[in-house]
Each structure stands twice: as structure tokens, then as C-alpha cells.
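Let's walk through this structure together, one neighbourhood at a time. Keep the 3D view open as you read, so that you can find each residue as it comes up.

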Amino acid sequence: MISERVKRVQESGTMRMKELAGQKKAEGKNIISFTVGEPDFDTPKHIVEAAKKALDDGKTRYLDAPGLPELREAVANMEKNDNNVPCDKSNVLITPTKQAIFETILATINEGEEVIMPDPAWVTYEPCVQLAGGKAVPVVTTDEHEFRILPEKVAELITDKTKMILLNSPSNPCGAVSTHEDIKGLADLAKDHDLLVLSDEVYEKIIFDGMKHHSIAAEPGMFDRTITISGFSKTYAMTGWRLGWLVAPKPIFKGINKIQQHSITHAVSFAQYGGLAALTGPKEPVKMMVKEFEERRDLIMKLIKEIPSLHCDKPKGAFYIFPRFDQKMPSEELALLLMDKAEVALTGGSSFGSAGEQHLRISYATNKKNIQEGMGRLKRTLEKI
Ligand SMILES: Cc1ncc(COP(=O)(O)O)c(C=O)c1O
């Protein structure tokens, strides 16, 4: 009954472990979960109030597919001012972040065309490419280079079928942050080989150690070949709102907008008023959350040093660490064992691609008490495996 297209796609490994952790909790187990990529903070009050007001004011009807004009304008201002992306509101389409990635790939990739993407990478990129009939070509990133996507590695993989390079900085699952040199090198490759770039910047504000986020669309000659994607989920603790955006040059924007019109029509009307408050309102809540993530990153790095079989350098962004482990077993098996014996839920690295094998992904988007307790349990259990 299922299409061949869908049969090609695997279930999400992160969701599987999250569901399993949920089942164990329901059975009464005291599981500490490091699985989900979701801030544990509540959405800041002023954002919630703006959405409530929108509901009270009857902002509950259809909008145009690309979204609320004021919000498109606010996104364009943010992308121009913070990231130097030379856009205006006509380039901005409001849609859930994941949907933005799916729509972009569906609108640009033909059957058999290749998309070069990091390995390990967020679990959803490859299925999007497969559903579009394209082929994902992994560029292996390693801890030797902080899991950054190196232009010279990408260059080796370009063929006459390559259509797009997919970037993600700061990254899930590794917390890798591209340097400006990396971005310039990747931009040169895209221009030399006439390629599109999809740049997933959803963790752009969760960046530490004074690092600066660089949008590839800001590089000379790149705007017309780049689709920049970002959203509210991670920066503003708004995962359930299903709200994000993309910025695309006009011809690509038009193609993507057709898919938006024929699929979700537009993002939820009153949620978009919340998004507007997020971008135009006080920035203190974001500063507070990023500071807290940085402190948690420092705490988890201190604790991991006490576990001899786990190895990991300090990631510079997002809220994940991706340590390599010494135990001689597949990462899925180790993750299941740790769930069982340590009552700690985390994700096996192979869920993020074959280059993720021998690694675990630990999300530290949970409070310091859980981090302390969970890492203690991991230490005690891993010593025995
Ligand atoms: C790298 C990356 N891109 C995009 C998304 C999707 O974000 P959203 O939940 O806002 O659709 C996620 C969510 O985990 C992610 O990790």
C-alpha cells in the first residue's frame, strides 16, 4: 500500500529513542533523557501574550501563503542586520523550519540529482532528498576538524549530477560551527560549479565562546543561489509553535511558494503574531537562555572528562555533544544498553549517518541537576561495559 518513495525513507532514530524513553518512564523507570533537541525553557511571556492577543483580536483567518507581511518584514530586517543577507520581505516565506527544508528540496531537486550534505547530520535531510527522488551524498566530518564541513572534502564529491550543497552551522548532532574561512571556501565552490546552497541556520543564536555566525548568503554573489533557513523553535523555546522561515531569491521563492500554497497554505495565523513579538520584542530572554546553555555545555564537558571511555572536544554551538566511545559495539546497541542499565536515554550516533557510528549524541537541553545525575550514571555504567 505504501509508495516506493516512502519505502526508501527510514524512521527517525531520535524519535525512536525519545518514544522508548517515554515508554520506560510510563513503566515507572526514573529515566534521565538526553534525547530531544528541545529547549526545556518556557516560551518567553511577551511572545505568549502576543499570540493570545491575536486570538482575542480574531486573527484566526486565512493569510497569504508566504505569511504575515509584518513578520516577513521583521525576518528580512533580522537577516539584513544580524547576518548581512541582502534580502527584503519579498524573499521571506514563513513556514515551520522543517517544512521550509522539505519545500526547498522538493522545489529544487530533480530525480537523480545529488545533494552533498554532512555526515553525521540531522536525521531529516536525507529523507527529504530521498522523497524528492534525489541522492544524498555524504561529506564525512570528523572530530579531528571539530566536525566542520571542509571545502576541500566537498570539492572531492562534486560531480555533473551535483545540484546543491546543504550546510548546517551550528550543527545538529555535533555542535560544529563553520568558520568564516570555511564559508568563503564553500561559497567559491558553489559559484565555480554553479550549485545551489541550502543553509540551515536554525541554531544561529546558540553560539558560544564569542564565535560569530556567518550566513553564506551574505558572501558576494551567493544570495541568488542560496536558500537560508532558520526558525523560532530553538532560539525562543518555541518548538511546539511550528514556526520558522526561509529566505530565497525570487525565482526559487516562487517555486517554493507553490508547494506552500498546495500543502499547508500558510503557517498558523496567531502563532505568527507570537513570532513577530519574538523578533521585535526584548532580547533578554534569549540572552538568558544562551548563557544557561553555555554554562550547561561547560558543565557537561567537565563531567565527560571524568569518563575515560568517552572522548569529545568542546562544541561551539547548539546544545549537543557528540562523544566518541571506546566500547566495541554498535552505537545503537550501546544506547539501548545505557537506557537499560543506566536509565539514561541518548541517541546512537549511527542514527545521524554511518560516519556517526562509534559516537553518541547527548542533548544538554535539560537542567544542570539532570546533567549532573545523568553523567554520573553514565560514568558508573560505562566503567563496567
Ligand atoms: C538542524 C535542524 N534543522 C531544523 C530543525 C527543525 O526545526 P523545527 O522543529 O523548528 O521544524 C531541527 C530540529 O531539531 C534541527 O535540529
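Start at F325, which, once neighbours within four places in sequence are set aside, is in contact with S309, L310, P330, S331, L334, E357, Q358, H359 and L360; contact here means heavy atoms within 4.5 Å. What you are looking at is a predicted model, in which local features need pLDDT of at least 70 and side-chain atom pairs count only at pLDDT 80 or more, while totals for chains, interfaces and linings use all residues. Residues are numbered from 1 along each chain as its sequence is written, and side-chain values use heavy atoms, with hydrogens and water left out.

F325 sits in strand β11; strands are DSSP runs (E, at least two residues) and helices are DSSP runs (H or I, at least four), both numbered from the N terminus. Is F325 buried or exposed? With 2% relative accessibility, F325 counts as buried. The cut-offs are these: buried is under 20% relative accessible area, exposed is over 50%, and partly exposed is in between, using a 1.4 Å probe and protein chains only. For a sense of distance, the C-alpha atoms of F325 and E152 are 27 Å apart, and the two residues are separated by 173 residues along the chain.

A salt bridge is a side-chain nitrogen of Lys or Arg within 4 Å of a carboxyl oxygen of Asp or Glu, and the whole structure has 25 of them. In one, R324 pairs with D143, with 3.3 Å between the closest N and O atoms.

Now turn to helix α11. Its residue E295 forms a salt bridge with K368, where the closest N and O atoms are 2.5 Å apart. Here too distant parts of the chain are linked, with K368 in helix α13 (residues 368-382) and E295 in helix α11 (residues 284-304), 73 residues apart. K368 is partly exposed at 29%, and E295 is partly exposed at 31%. These two also belong to a network of salt bridges that links D40, K291, E292, E295, R296 and K368.

Another salt bridge joins D298 and K314, at 3.6 Å from N to O. D298 lies in helix α11 and K314 in the loop between β9 (310-311) and β10 (320-321), so the pair ties together parts that are 16 residues apart in sequence. D298 is partly exposed at 33%, as is K314 at 44%.

Our last stop is the ligand. Which residues are closest to the ligand? Of the 13 that surround it, the closest are D200, Y203, S233, K234 and R242; a residue is counted if one of its heavy atoms lies within 4 Å. By class, this shell has five nonpolar, four polar and four charged residues. Helix α5 (residues 97-108) gives the largest share, three residues. Ligand oxygen atoms lie 2.9 Å from a polar side-chain atom of T97, 2.8 Å from a side-chain N or O atom of N172 and 2.7 Å from a polar side-chain atom of R242. Taken alone the ligand exposes 390 Å², and the protein buries 92% of that, with accessible areas coming from the Shrake-Rupley method and a 1.4 Å probe.

Note on methods: A polar contact is a pair of N or O atoms within 3.5 Å; within protein, one must be able to donate a hydrogen and the other to accept it, and residues adjacent in sequence count only if both atoms are side-chain atoms. Ala, Val, Leu, Ile, Met, Phe, Trp, Tyr, Cys and Pro count as nonpolar, Asp, Glu, Lys and Arg as charged, and the others, Gly among them, as polar.
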